[in-house]
Amino acid sequence: MDGIDSARGIRVLTDPTRLRILELIRASPDGRALVGRLATELGLRQPTVSHHVKTLLDEGVLERAPEGRQVWYSIAPDAADRVDELVPTDAAAPASDDVLERVASDLSARFAGVFSPETVERYVRESHDLLAERAGITRHLPSLTSAFAADRLAALAHQDAPHGAEPPEVLFVCVQNAGRSQIAAAILRQLAGDRVRVRTAGSEPASAVKSTIVQALDEIGVPIGGEFPKPLTDEVVRASDVVITMGCGDACPIYPGRRYLDWELDDPAGFPLARVREIRDDIEGRVRALLDELGVNAA
């Protein structure tokens, strides 16, 4: 369908929460679900899930069917094939060549005039392998490959631009890219909007963002968005004005003209939610101080 083939449609389907919503709906006995049930399954607040469901509905991915006071949601027939490509039934299977070629075609159109189709395809296939082999990602690998490749290409396009000419770019790096760096990035995005470009990476990335991280951020109204653990790659470091490391030692390469900071923070992995909240609040204070240093007013 046209909506899902659009650039916005591709971004809609690279959000892990929306992918999980689609997976839960598809796995329901009758192929439909209520927002309240989805919220319970996901461990998120109902308004948060409603927002994601509305986005999928507006994009034509879901259909809405009121029954009395209840509203059921199901995958739109016209979107079923595209959803099956991005949310395969066998979540552990790698993306097929046909899917990777489609992702490369979509991104070639997006980066037309910037990179050749051959370059885009190389980054798509390399990104797929990095996520599968280094991060061990098996769930939603095709759509996450698309998001990871797109971000790397955007960084590559920007890395030779004069720093300071555009909004500052900040890279958060921790070990697993599933806790501290994700908290910092999410809060910075929430406070700065498009006035700062934010990326994250991990020296030894995990396969998914920790559920306690998503919950701790959701409690203060900060969405995790389409973020997921990503391996640290050269082009995202080169594109950054500020690189902030958190417990990953000297894994990050050093390039002239970049500012490097190290934030000493406990890794929230395995901690109870109460301790994760304390780490979250500590990170928020550091992020607000960083915004002041960058001359960017917090929202």
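Predicted model: local features only at pLDDT ≥ 70, side-chain atom pairs only at ≥ 80, totals over all residues.
Packed helix pairs are characterised by the angle between their axes and the distance between the axes. Helix α7 (residues 97-110) and helix α9 (residues 141-158) have axes that come within 10 Å and cross at roughly 30°. Angles under 35 degrees count as roughly parallel, and α7 and α9 are therefore roughly parallel to each other. The crossing in which α7 passes α9 is right-handed. On the α7 side, Val99, Leu100, Val103, Leu107 and Arg110 take part, and these meet Pro142, Thr145, Ser146, Ala149 and Ala150 in α9. The contact of α7 with α9 comprises 7 nonpolar, 2 polar and 1 charged residues.

The pair formed by α11 and helix α13 (residues 273-294) packs at an angle of about 60°, and the axes are 10 Å apart. The two helices α11 and α13 are therefore oblique to each other. Their crossing is right-handed. From α11, the contact involves Thr212, Ile213, Gln215, Ala216 and Glu219, while α13 supplies Leu273, Val276, Arg277 and Arg280. By class, the contact of α11 with α13 divides into 4 nonpolar, 2 polar and 3 charged residues.

Helix α11 also contributes to a pocket lining. The second largest pocket has a volume of about 620 Å³. It is lined by 24 residues, of which Pro16, Arg20, Ala208, Val209 and Val214 are the closest to its centre. Two or more lining residues come from each of α3 (16-27), α4 (35-42) and α11 (211-219). The lining of the second largest pocket consists of 11 nonpolar, 8 polar and 5 charged residues.

Note on methods. Residues numbered from 1 in each chain as written. Heavy atoms only, no water. Axes fitted to C-alpha atoms, helices over the stretch in contact; angles between N-to-C directions. Helix = DSSP H or I, 4+ residues; strand = E, 2+ residues; numbered from the N terminus. Parallel < 35°, antiparallel > 145°, perpendicular 65-115°, else oblique. Left-handed = near helix turned anticlockwise from the far one by under 90°. Contact = heavy atoms within 4.5 Å. Nonpolar A, V, L, I, M, F, W, Y, C, P; charged D, E, K, R; others polar. 1 Å grid on protein atoms, 1.4 Å probe; cavity = no way out; pocket = protein on both sides within 12 Å on 5 of 7 lines; lining within 4 Å. Points joined across faces, edges and corners; volume = space filled by probe spheres on them.
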